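Work through the exercises below with the sequence and the model open. Try each task before reading its solution.

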Amino acid sequence: MTKIIGITGGIASGKSTVVDEVRKHGYQVIDADQVVHELQAKGGKLYQALLDWLGDGILKSDGELDRQKLGQMIFASKEMLAKSSQIQNGIIRQELARRRDELAKSQEVFFMDIPLLIESDYVDWFDDIWLVFIDEKTQLERLVLRNHLTREEAQKRIASQMSTEAKKTFADKLLDNSGDIATLKKKVAELLAEL
């Protein structure tokens with residue numbers, strides 16, 4: 001029986017570090033953000049759906065999606081965010097399910113990194129859910145630095161996600177990333193050893 005573990009966490013919480021560690025230990029990880037990027041690439045299913053919805057104003061001169069512009073438009077209001085989810089979620093879910101089923105044929109244990117795992121109702125896909133979290137102040141600082149956003153833009157993105165406290169009720173394992181990176185890596189190694 002294949003064991004599937006979901007990794008989630010708020011934006012800029014340190015999920016990528018956890019995923020990198022899991023991969024270093026030899027496990028396969030399906031990265032939802034990577035899948036979305038592929039689907040949003042020129043000619044992909046999401047690319048076309050977004051183009052049909054928002055028009056070619058969301059494209060760069062080379063015809064690829066202008067992700068920064070797209071992000072600003074989508075996070076501008078709750079209505080835009082809801083419409084974006086409505087358009088994209090079905091296509092994303094279908095592709096993630098296809099990749100999950102394919103990997104389940106060859107792997108005893110594998111992981112899926114899904115930022116909105118709980119919000120987008122993927123909970124029942126997993127035998128275990130690992131939640132990576134940090135305090136809000138650190139999260140805000142990291143997001144501003146990492147994504148070159150204003151504090152206001154960063155706060156909007158954090159506010160658009162479910163709170164960490166609410167997510168904790170769904171998690172089987174908690175990875176507190178408030179300390180240094182070595183501490184986080186050690187925690188990941190301990191959890192992997194338990195498998």
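**Exercise 1.** Which helix is included in what covers the buried residues of H6?

Solution. The model is predicted: local features need pLDDT of at least 70, side-chain atom pairs count only at pLDDT 80 or more, and totals for chains, interfaces and linings use all residues. Residues are numbered from 1 along each chain as its sequence is written, and side-chain values use heavy atoms, with hydrogens and water left out.

Step 1. Helices (H or I, at least four residues) and strands (E, at least two) are DSSP runs, numbered from the N terminus.

Step 2. Gln139, Leu140 and Leu143 are the buried residues of H6; buried means under 20% relative accessible area, exposed over 50%, and partly exposed in between (1.4 Å probe, protein chains only).

Step 3. The cover over these residues includes helix H7 (151-159), where contact means heavy atoms within 4.5 Å.

**Exercise 2.** Against which elements do the buried residues of H9 pack?

Solution. Step 1. H9 covers residues 181-194, and its 14 residues reach 20 Å from first to last C-alpha, close to the 20 Å expected.

Step 1. Leu184, Val188, Leu191 and Leu192 are buried in H9. Their arc, seen down the axis of H9, is within 100°, so they line one face.

Step 2. These residues pack against helix H1 (15-24) and strands E3 (109-113), E4 (128-133) and E5 (173-176).

Step 3. Ala182, Lys186, Ala193 and Glu194 are exposed on the other side of H9.

**Exercise 3.** Which residue of E3 is the bridge partner of isoleucine 7?

Solution. Step 1. Strand E1 (residues 3-9) is mostly covered, with six of its seven residues buried.

Step 1. E1 and E3 pair in the parallel sense over five bridges; pairing requires at least two DSSP bridges between two strands. Aspartate 113 is the partner of isoleucine 7 in E3.

Step 2. E1 and E4 also pair in the parallel sense over five bridges, and there isoleucine 7 stands opposite tryptophan 130.

Conventions
Expected span 1.5 Å × (residues − 1). Arc of directions from axis to C-beta.
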